[in-house]
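Hi everyone, thanks for coming.

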Amino acid sequence: MPNQASRRTFLRSGATLGALAGLGNLDFITRLAPVTAAETQLPQHALGLQPDVAPIVRLIEETSREDLLEVIAKRINGGLSYQTLLAALLLAGVKNVEPRPSVGHKFHSVLVVNSAHLASMASPDEYRWLPIFWALDYYKIAAARDVEERGDWVMEPVDERAVPSADKAAAEFTAAMDAWDDAAADAAIVGLARTAGANETYEHLFRYGMRDFRSIGHKAIYVANSLRTLNCIGWRHSEPVLRSLAYALLMHEGENPRDRNDSADVPYRKNLERVAKLQRAGASPPPAHLGKASTDSGATKELLTAIRHANNDDSCNLVSEQLTAGVPLQSIWDGLHLAAGELLMRQPGIASLHAVTTSNALRYAYETSGDEETRLLLTLQNAAFLPMFLNEMGGPEKVPAIRIDELAAGEGDAATPPTIDAIFNELGADRSRGAQLMLARLNATGDANEVINASRVLTFLKGNDAHDYKFSSAVLEDYYNVSPAWRDRYLASNAFNLNTATEPDNSLVERTRAAFTA
């Protein structure tokens with residue numbers, strides 16, 4: 001991973017960032033005590049945060065959007081910690097924003113919390129407040145939309161009489177989720193939150209997050225992002241988060257999905273059968289850290305080709321065959337990440353963007369799960385979802401036939417590679433040309449750190465939407481999950497949707513500066 005010193009050097013070097021000169025306007029943040037890397041991690045012995053989180057949640061809820069940043073800045077100057085603020089931000093969202101009728105749209109105020117946190121962790125100490133302030137502002141926008149659309153929905157109190165005992169919670173949760181029963185699932189997940197640990201609870205949730213394709217991957221994204229945020233703020237805060245999550249995972253339209261064969265549900269049912277067959281044949285994926293395994297470039301290209309045909313049965317059958325034949329899991333996941341990046345190249349937009357972020361969420365679940373069957377299902381479900389994303393985009397006939405393995409590098413060599421300024425300016429004028437320049441620089445230098453850091457800073461300065469944070473956090477993380485032979489090409493493909501140097505600055509940096517200097 002890029003080291004902290006290189007990020008700090010990059011961000012402070014005006015000579016490297018002519019087109020990003022506005023970065024110097026972030027100097028006001030250095031007047032605060034910086035957020036250290038240690039503060040974004042939960043100590044091993046910690047059971048939760050201090051009891052002042054609830055008042056901070058109320059403060060976020062009750063303060064107007066116009067005043068919130070200044071009010072929170074004063075609290076930070078008075079000692080409010082990063083973890084407490086992050087916890088309060090997440091809890092305000094799950095309490096006040098309903099993940100219906102879609103686990104997206106306004107609910108991005110919850111989904112984006114982990115992405116903002118990831119951006120904070122990857123930033124130099126002195127800049128870590130910016131993504132969190134952006135997410136605070138975005139929450140206020142989403143909460144207002146929730147009032148307009150859903151009549152100011154608020155999570156109801158737990159029905160304590162229905163909460164199962166520790167020995168029954170897991171079975172009752174599984175039964176409720178399989179039956180798509182909101183009330184029973186709400187009570188059962190509370191039982192799990194109170195009596196089981198994170199690992200046991202999320203082994204159940206990984207399965208239901210990938211179960212169906214409704215909300216174009218947001219269910220899987222919410223599972224991964226909620227766990228990652230809870231890992232920072234502490235399991236003590238899990239109960240309302242898990243209640244919101246279970247409610248989101250049961251979102252559906254029409255009659256009970258259990259009683260019909262909807263296209264959103266069919267791949268999972270078929271993949272359960274494929275996994276049973278694979279396990280009988282002795283196919284067993286490694287538990288985590290795929291990157292150290294050997295790779296098979298031919299298998300990766302074969303999977304890319306299959307996904308281009310937009311038939312999820314074919315892609316899942318191929319992955320099953322590859323697993324049976326002993327193809328390294330890293331090569332299969334390379335194919336999945338590259339296919340997502342290729343969809344983004346072919347048609348930048350909401351569907352292809354979520355192909356990338358969903359693959360990131362499923363990969364995180366794979367790396368985290370300790371259950372062999374779940375890991376096989378996650379791999380197969382990603383192989384099913386990507387052709388479904390392509391069909392959401394209009395199908396292979398309606399989408400340009402651009403190939404990630406044929407992306408050509410632009411001009412530049414080891415002596416004079418394209419500059420960071422040239423790349424991100426060109427992306428604002430011609431995405432394809434900018435991606436080629438990025439690939440040329442990556443090929444010439446063998447070092448993606450400056451490209452990644454510039455992209456992250458541009459998200460801070462230019463980002464105006466939750467997707468800017470969600471997408472960039474996923475891409476910049478998965479760069480390191482893809483094999484070295486493919487990762488530069490993966491990053492360049494996703495340049496088709498990264499923020500550029502030519503976009504206007506958002507208003508948040510100026511508002512944050514005003515808040516901290518008031």
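First, a term: a cavity is a set of points on a 1 Å grid, over the protein atoms alone, where a 1.4 Å probe fits but cannot get out, and lining residues have an atom within 4 Å of a point. Grid points are joined across faces, edges and corners, and a volume is the space filled by probe spheres set on the points.

This is a predicted model, where local features need pLDDT of at least 70, side-chain atom pairs count only at pLDDT 80 or more, and totals for chains, interfaces and linings use all residues. Residues are numbered from 1 along each chain as its sequence is written, and side-chain values use heavy atoms, leaving out hydrogens and water.

So, how many cavities of 30 Å³ or more does the structure hold? There are 3. The largest has about 100 Å³ of space, and its lining includes Asn 114, Arg 228, Asn 360 and Lys 470.

Now the backbone. The peptide bond from Arg 100 to Pro 101 is cis, with omega near 5°. Two residues other than glycine have positive phi: Trp 180, near 55°, and Ser 215, near 65°. Are they buried or exposed? Trp 180 is buried, at 9% relative accessible area, and Ser 215 is buried too, at 13%; buried means under 20% relative accessible area, using a 1.4 Å probe and protein chains only.

Technical notes
On a 1 Å grid over the protein atoms alone, a cavity is a set of points where a 1.4 Å probe fits but cannot get out, and a pocket is an open set with protein on both sides within 12 Å along at least five of seven lines; lining residues have an atom within 4 Å of a point. Buried means under 20% relative accessible area, exposed over 50%, partly exposed in between (1.4 Å probe, protein chains only).
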